[in-house]
Amino acid sequence: IEIDKEARTLTIVDNGIGMSHDELIENLGTIARSGTNRFLEQVTSDDKEDVSLIGQFGVGFYSAFMISDHVEVYSRRAGEEATWQWTSDGTGSFSLSDEGEAPSLLSGRGTAIVLKLRDGEDEYLDANRLKNIVQTYSDHVALPITLKEKGSDEDPEQLNTARAIWTRQKSDISEEQYKEFYHHVGGMVDEPAHTLHYHAEGRHSYSVLLFFPSMQPFDLFDPDRANRLKLYVNRVFITDNAPLLPGYLRFLRGVVDSEDMPLNISREMLQNNPIVGAIRKALTNRVLSELSKKSEKDVESFVKIWDVFGSVLKEGLYEDFEHQDQLLKLARFKTTHSDEWRSLADYVADMKENQTAIYFIAGDDAGSIAKSPQLEGFKARGIEVLLLSDAVDGFWTNTAQGFEGKPFSSVTRGSADFDAIPVEGEKKPEAEEVDRSKVATLTAFIKQSLEDVVEDVRQSDRLTDSAVCLVASDTGLDMQMEKILAQHGRGDGASKRVLEINPDHPLICALAERAAQGTGGDDLEDAAYLLLDQARILEGDPVVDGVAFSRRMAKVMASAFGGAS
């Protein structure tokens with residue numbers, strides 16, 4: 001490429017086989033005629049596998065008239081003496097002669113294209129602008145592209161690397177070279193956790209070089225959830241966010257180089273292109289298969305990937321039903337039994353006798369939800385519970401069908417049925433029948449007092465240490481899911497919940513005694529509201545009426561300590 005700022009021309013020269021008089025007319029006289037396809041038809045079958053061409057549609061040349069109002073093409077066919085000059089202003093006609101003086105750069109066979117730039121197109125006379133264009137779109141074209149300014153004594157500068165690492169054999173590439181390319185193509189500073197490099201052949205041919213980062217990219221949680229894969233067509237850059245992977249695999253970095261797509265494919269066409277769809281499906285399957293192999297053969301390495309990107313991969317459990325089973329096998333969880341990552345296969349293998357579901361509890365923080373009162377009955381029976389603290393957990397647990405025939409069940413929704421699973425260790429003595437009767441009276445009183453703010457009040461099987469807890473009804477949304485939807489303006493998060501009371505707790509027993517005696521009056525009603533507020537606080541929710549809570553608390557404390565003072 002030669003820049004002539006004084007003449008305001010841009011000259012592109014090659015040393016190929018050139019064109020004759022008739023070939024110039026045939027190839028440049030008809031828009032959208034593909035000289036490349038015609039050439040390939042003439043190549044023998046033995047030579048075709050050695051030919052790598054990119055001009056599939058023959059329209060690229062005419063883009064010259066977008067920035068120039070006069071174009072001259074000089075070409076000398078290999079083996080001929082004459083240099084032909086083709087000239088046009090792009091209005092529909094052209095002239096052809098052998099009398100023009102070719103640019104000095106065209107010293108032998110080949111072609112030179114001289115663009116006389118339009119007014120306002122001076123940016124294409126700027127060396128840095130041209131360098132950026134070449135390095136962006138043609139850095140990996142396997143021919144050197146050089147730049148020279150006319151009149152300069154400096155040697156031409158090569159702008160492209162003319163080397164596509166993904167086209168080489170894996171055995172020829174060192175780990176250091178992979179890492180260097182990862183930094184270049186991904187814009188990352190960490191070391192890749194895993195590299196996936198292969199060439200696919202068959203109905204569609206394409207090369208893939210993908211990297212699994214070892215740290216989260218800065219845009220991982222961008223609302224667009226866009227891919228950052230670079231798409232090339234025969235080593236010519238097309239776009240840096242090709243839709244070749246689902247959103248939950250957006251953390252991957254690398255390139256896909258297709259041999260089948262047209263060079264003039266637009267970003268809009270990518271969305272509906274059948275080749276893109278086929279590559280996307282195959283690429284997704286290959287990535288998930290690679291993760292599955294790693295989870296079995298290199299557990300330590302897989303866990304590092306899950307540590308960083310597990311919350312993103314779980315998005316696929318909610319949105320990709322085709323691969324949901326694969327993703328469930330890959331998924332890892334912290335549980336009430338272990339601080340280490342556990343698979344669902346591990347969970348199912350360790351299920352208690354007569355246990356029919358995979359239990360989970362969702363919340364904002366694994367440490368906090370591990371202390372939830374709803375877990376007490378499960379811990380007492382040695383039932384393992386998944387601790388889900390990612391926002392997406394509230395969604396996929398409502399859509400997943402289960403794992404190995406075991407459905408998912410939230411411990412904060414519906415009643416707990418533990419009849420078939422006994423308490424481990426020393427069992428607490430059964431409460432006397434009269435006490436249960438008194439608790440039933442208290443339950444009815446609390447239900448009547450709170451009928452406007454709770455859906456139901458019932459004695460709990462899930463509580464062993466706490467006095468009360470809140471759960472969602474059998475038909476309601478999981479409590480964490482309801483909170484997430486409320487945060488996004490979908491529902492107010494204030495649906496009525498079920499208040500469960502622990503019939504063996506000393507506080508409940510004391511209140512039950514007063515309820516059975518018919519004493520307490522307003523104090524007992526205040527106690528009912530305080531129990532509800534206590535349950536809300538245990539859930540991390542604010543009390544609804546802080547003033548009323550403070551008044552009731554002061555009244556109860558005065559009653560308890562007034563006599564002593």
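Predicted model: local features only at pLDDT ≥ 70, side-chain atom pairs only at ≥ 80, totals over all residues.
Residues are numbered from 1 along each chain as its sequence is written, and side-chain values use heavy atoms, without hydrogens or water. Local features need pLDDT of at least 70 and side-chain atom pairs count only at pLDDT 80 or more, whereas totals for chains, interfaces and linings use all residues.

The cysteines come first. The structure holds 0 disulfides, a disulfide being a pair of cysteine sulfur atoms within 2.5 Å. For Cys469, the nearest cysteine sulfur is that of Cys509, 16 Å away, which is too far for a bond. Cys469 is buried, at 1% relative accessible area, while Cys509 is partly exposed at 32% (buried means under 20%, exposed over 50%, partly exposed in between, with a 1.4 Å probe and protein chains only).

Turning to charged pairs, the whole structure contains 30 salt bridges, each a side-chain nitrogen of Lys or Arg within 4 Å of a carboxyl oxygen of Asp or Glu. One of them joins Asp390 and Lys314, with the closest N and O atoms 2.8 Å apart. This pair links distant parts of the chain, 76 residues apart. Asp390 is partly exposed at 27% relative accessibility, and Lys314 is buried at 5%.

Another salt bridge connects Glu500 with Arg462, where the closest N and O atoms are 2.9 Å apart. The two residues are 38 apart in sequence, so their pairing ties together separate parts of the chain. Glu500 is buried at 2% relative accessible area, and Arg462 is buried at 1%. Elsewhere, salt bridges with shared partners bring Arg225, Arg250, Glu315 and Glu319 into one network.

How values were computed
Helix = DSSP H or I, 4+ residues; strand = E, 2+ residues; numbered from the N terminus.
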